[in-house]
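Please examine the packing of helices and strands in the model shown below. The report that follows describes it element by element.

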Amino acid sequence: MKIGLNATCLNDRPSGARQRFIGIYGELVKRMPDAQFVVYEPSDCRVADWFGGAPNVSARRTPLPSEGRTKRFIAGLRYWRSALTQEGFDVFEGFNLPFIKAPTGRNVLTIHDVRTLQSGAGALDRAVFRGVLQASLAAADQVIAVSETVKQEILKVRFDAKVAVVYNGLDTSKLAPLPRSIVEDARERLALPHGFILAVGHFEARKNYPCLIDAMARLRDRGRERSLVIIGNDSGEGRLVDHRIQDHGLADSVKVLSGLSDEEVRCAYQLSDALVFPSTYEGFGIPILEAMAAGCPMALSDIPVFREITQDQGLYFSPHDAESIANAIEAVMAAGGPRAGLVEYGRWRVKDFDFQPLAGQVEALYRSLVAGERDMISGTV
């Protein structure tokens with residue numbers, strides 16, 4: 001079987017898409033040693049290197065940049081037609097929109113979220129995105145959604161789309177706590193306080209950090225001030241977050257960190273008192289899994305996908321109400337409160353997101369699609 005992976009939207013910047021790709025497709029390459037995988041790389045990242053020199057993985061360097069949807073689309077107009085015609089793939093999977101369809105075999109599209117359809121986007125942006133999404137869904141033989149929530153959002157756009165759910169996952173080797181010496185070294189290096197609330201995610205509007213900072217100010221005003229550490233890279237909202245911190249006079253109790261290593265982030269989870277996840281929209285929510293693995297209790301936005309991941313077993317708040325966020329933080333920190341139950345639930349729930357069975361789901365989809373294609377060619381279907 002020959003499988004093409006259009007990974008031109010990925011790069012070395014930490015993201016849920018990158019973590020999913022490395023975890024699931026790294027396992028998939030091991031599960032299918034007789035399959036030939038061809039990875040299409042962007043011009044600015046050697047994605048195939050993430051597979052550790054696996055003998056059944058080869059790279060195709062493209063002129064497409066990993067960032068800038070318009071630039072990537074324009075560069076792709078000259079590239080994809082000739083590049084794909086000569087390959088003869090059995091399966092070709094893409095991870096971004098607009099979807100590039102291979103002329104042979106079965107085409108698979110993975111969708112992480114449909115955030116541009118949300119009310120926070122402009123009317124023109126929503127209309128354009130909906131049109132691109134509808135065309136992409138029509139071109140794909142199979143769609144993979146990262147959650148049931150995203151699947152239902154897709155079906156509202158095209159009711160007859162063939163959509164399977166394959167969750168995001170976590171490397172189970174990260175379930176074991178790091179040695180205390182490593183954790184304390186990270187605390188000193190990053191100047192982390194003793195006892196803090198943690199938030200993880202890039203600085204963009206849907207992450208809702210200004211409202212979280214408002215909630216921290218409410219706690220201070222109640223005489224229950226706590227330290228907050230936010231880990232993420234700037235995606236356009238960093239200055240707004242800084243201004244909100246200054247407006248509330250919280251510079252001494254809110255710390256912002258960017259560019260951390262995976263190990264440093266793991267250390268932050270282990271050192272934190274709780275994770276607060278205030279997003280107004282997510283397609284999944286990998287920090288939930290990371291917190292579960294670290295034994296870290298959570299206070300979460302009351303949005304559908306968070307209830308899905310936690311099976312309605314979490315502590316939730318209204319993401320649009322700073323008072324509600326503050327109350328949830330107090331509740332998760334309260335002696336005799338839900339902390340122990342949240343930690344115990346997370347320790348067994350996170351095992352459902354191991355990369356190996358998730359890769360098995362993708363393999364089964366691939367094999368089913370290829371078998372169906374062969375049956376159609378032979379006239380048995």
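Within helix α8 (residues 262-271), the buried residues are Glu264, Val265, Cys267, Ala268, Tyr269 and Leu271, buried meaning under 20% relative accessible area (1.4 Å probe, protein chains only). Helices (H or I, at least four residues) and strands (E, at least two) are DSSP runs, numbered from the N terminus.

This is a predicted model, in which local features need pLDDT of at least 70 and side-chain atom pairs count only at pLDDT 80 or more, while totals for chains, interfaces and linings use all residues. Residues are numbered from 1 along each chain as its sequence is written, and side-chain values use heavy atoms, with hydrogens and water left out.

Strand β8 (residues 197-200) is covered on both faces, with the buried residues as tabulated.

| Face of β8 | Buried residues |
|---|---|
| One side | Ile197, Ala199 |

The axes of helix α6 (residues 209-221) and helix α7 (residues 238-247), which are lines fitted to C-alpha atoms over the stretch in contact, come within 9 Å and cross at roughly 15°. The two helices α6 and α7 are therefore roughly parallel to each other, a term for angles under 35 degrees. In their contact, Tyr209, Pro210, Ile213 and Asp214 of α6 meet Leu240, Val241, Arg244 and Ile245 of α7.

Key. Axes fitted to C-alpha atoms, helices over the stretch in contact; angles between N-to-C directions. Parallel < 35°, antiparallel > 145°, perpendicular 65-115°, else oblique. Contact = heavy atoms within 4.5 Å. Buried < 20%, exposed > 50% of the residue type's maximum accessible area, 1.4 Å probe, protein only.
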